[in-house]
Amino acid sequence: MVVFFSVKLKELFKKERDYPWPKPENCSCCLSSRLWGHGFAEAIFDGYNRPLLLKLYRCPDCGCVIRLRPIGYFKRFQASIETIRSSITLKSTRNRWLSGIGRSRQGHWFLALKKRIKACLTDTWVEGVVAGFDYLLQLGQIPISRSI
Ligand SMILES: [Zn+2]
């Protein structure tokens, strides 16, 4: 179970385990209000040369592990949503890739988005890939996720 919180990544990078993580009020699975700290999980984010530590909580009542993640990032993606959207905008309007990020990663995002638009919004979608990205995002999906 992943819960998104606003996180200052720079501060998290500096403070590591001492970062003042918020504690969710309830377990997202069973709503129990007893949550125990359950250590940390490493996660890689663009712009940081070592993994950041994301706080874990465990609910003693149902056993669910709750993983806190920064708002503005998709699960399992190291680039921010904003960066991914800029890459897709640049590719679709000027046929170029963002500098500073590998082309193959950006290519994967772009292809995955096109596939997903086709699968979820069908061939009748004519608004373009950027609007498709925003629309899928609004539906609560990860627009560039390859698992459909
Ligand atoms: Zn629970």
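1. Zinc site. In this predicted model, four cysteines coordinate the zinc ion: Cys27, Cys30, Cys59 and Cys62. Each uses its SG atom, at 2.3 Å. Along the chain, the donors follow the spacing C-x2-C-x28-C-x2-C.

2. Geometry of the site. What angles do the four donor atoms subtend around the zinc ion? They run from 107 to 113 degrees, so the arrangement is tetrahedral. Tetrahedral here requires all angles to lie between 85 and 135 degrees.

3. Is cysteine 27 buried or exposed? Cysteine 27 is buried, because its relative accessibility is 1%. Cysteine 30 has a relative accessible area of 35%, so it counts as partly exposed. The cut-off for buried is under 20%.

4. Helix packing. Helix H3 covers residues 103–121, and helix H4 covers residues 129–138. They pack at an angle of about 70 degrees, with their axes 10 Å apart. H3 is therefore roughly perpendicular to H4. The crossing of H3 past H4 is left-handed. On the H3 side, the contact residues include Phe110, Leu113 and Ile117. On the H4 side, they include Val129, Phe133 and Leu136.

5. Phenylalanine 74. Look for this residue in the loop between strand S4 (65–70) and helix H2 (81–94). Its relative accessibility is 6%, so phenylalanine 74 counts as buried. Leaving out residues up to four places away in sequence, it touches Arg69, Ile81, Ile84, Phe133, Leu137, Gln141, Ile142, Pro143 and Ile144. Take isoleucine 84 from that list. Phenylalanine 74 and isoleucine 84 are ten residues apart in sequence, and their C-alpha atoms are 10.0 Å apart in space.

Terms used. Residues numbered from 1 in each chain as written. Predicted model: local features only at pLDDT ≥ 70, side-chain atom pairs only at ≥ 80, totals over all residues. Heavy atoms only, no water. Donors = N, O, S within 2.8 Å, 3.2 Å for Na, K, Ca; no water. Tetrahedral: all angles 85-135°; square planar, octahedral: opposite > 155°, others 65-115°. Buried < 20%, exposed > 50% of the residue type's maximum accessible area, 1.4 Å probe, protein only. Axes fitted to C-alpha atoms, helices over the stretch in contact; angles between N-to-C directions. Helix = DSSP H or I, 4+ residues; strand = E, 2+ residues; numbered from the N terminus. Parallel < 35°, antiparallel > 145°, perpendicular 65-115°, else oblique. Left-handed = near helix turned anticlockwise from the far one by under 90°. Contact = heavy atoms within 4.5 Å.
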